[in-house]
Amino acid sequence: MVDDTRNRLIESALRLLRDEGLDAVTLRAVGELAGLSRMAPYRHFADKTALLAALAARVITDLSTHVAAAVLARTGHQERLRAFYDSYVEYAAKHREEYRLVFASAFSAGDHPEMEQAIDDLMTALSLDVADHQPVNKAAMMALMATAHGLAELATAGLFAHKQISRQDVIDVIIEGTGRVSRSAR
């Protein structure tokens with residue numbers, strides 16, 4: 001059975017992150033927003049980093065759901081890849097604070113099992129969806145994730161807009177092969 005109090009705390013942390021930013025997310029503030037005692041969060045999280053890791057795991061699950069829905073709405077390998085990249089960047093742009101939290105340096109790989117499991121689940125689900133339900137090896141999926149993350153970082157920093165390059169043109173170049181000119185840029 002999933003702990004309802006723990007989920008309430010994570011939901012409260014998400015609301016604080018969205019409304020007030022990362023600095024507002026403290027164990028005390030989360031407990032207060034959840035309508036619990038000041039000490040309640042400490043029964044579920046060792047410290048703020050543990051709370052943020054649980055919140056990051058929730059964000060990864062939301063990202064996975066968003067991307068999977070976009071990918072599954074398409075057929076064909078290239079169209080699914082386009083949907084993967086586009087929806088990944090779209091999520092990052094729409095949920096900047098949440099997205100940045102996931103990749104914060106405070107979360108080293110392997111230090112937070114809940115977050116690590118969410119990443120593994122994301123990679124497993126998306127690898128099958130992007131590849132038309134055919135298995136993709138871990139290195140290939142990590143390459144897709146790395147490319148999507150790079151796109152998201154560039155887009156959220158405003159570099160595409162600043163250089164007057166559309167996200168779709170960049171995605172086309174990635175899918176068609178680096179060094180080739182996309183269809184719309186010809």
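Modeller: With 33% relative accessibility, Asn7 counts as partly exposed, the class between buried (under 20% relative accessible area) and exposed (over 50%), for a 1.4 Å probe and protein chains only. The model is a predicted one, in which local features need pLDDT of at least 70 and side-chain atom pairs count only at pLDDT 80 or more, while totals for chains, interfaces and linings use all residues. Residues are numbered from 1 along each chain as its sequence is written, and side-chain values use heavy atoms, without hydrogens and water.

Asn7 belongs to helix 1, helices being DSSP runs of H or I with at least four residues, numbered from the N terminus. Between the C-alpha atoms of Asn7 and Leu55 there are 9.6 Å, although 48 residues separate the two along the chain. Ser12 is also placed in helix 1, but its relative accessible area is 2%, so Ser12 is buried. Leaving aside residues up to four places away in sequence, Ser12 touches Val30, Leu33 and Ala34, where contact means heavy atoms within 4.5 Å.

Together with Val25, Phe84 and Tyr85, Leu55 has the most contacts inside the largest nonpolar core, a group of 50 residues (buried Ala, Val, Leu, Ile, Met, Phe, Trp, Tyr and Cys joined through side-chain atoms within 4.5 Å). At least two core residues come from each of helix 1 (4-20), helix 2 (27-33), helix 3 (48-72), helix 4 (77-94), helix 5 (96-102), helix 6 (113-130), helix 7 (138-156) and helix 9 (167-176). Helix 3 gives the largest share, 12 residues.

The aromatic side chains come next. There are 4 aromatic pairs, a pair being rings of Phe, Tyr or Trp (its six-membered ring) with centres within 6.5 Å, called stacked under 30 degrees between planes, edge-to-face over 60 and tilted otherwise. Phe84 and Tyr85 make an edge-to-face pair, at 5.2 Å centre to centre and 65° between the planes. The pair of Tyr99 and Phe103 has centres 5.0 Å apart and planes at 55°, and is therefore tilted. Phe84 is buried because its relative accessibility is 0%, and Tyr85 likewise because its value is 3%. Tyr99 is buried at 2%, whereas Phe103, at 40%, is partly exposed. Through ring pairs, Phe84, Tyr85, Tyr88, Tyr99 and Phe103 are linked into a cluster.

Helix 4 remains to be described. Its axis lies 9 Å from that of helix 7, at an angle of about 45° (axes are lines fitted to C-alpha atoms, for helices over the stretch in contact, with angles from 0 to 180 degrees between N-to-C directions). Helix 4 and helix 7 are therefore oblique, the class left after roughly parallel (under 35 degrees), roughly antiparallel (over 145) and roughly perpendicular (65 to 115). Among the residues in this contact are Phe84, Tyr85 and Tyr88 of helix 4 and Leu144, Ala148 and Leu151 of helix 7.

Helix 4 also packs with helix 9, at about 135° and with axes 10 Å apart. This pair, too, is therefore oblique. The contact includes Leu81, Tyr85 and Val89 of helix 4, and Ile171, Ile174 and Ile175 of helix 9.
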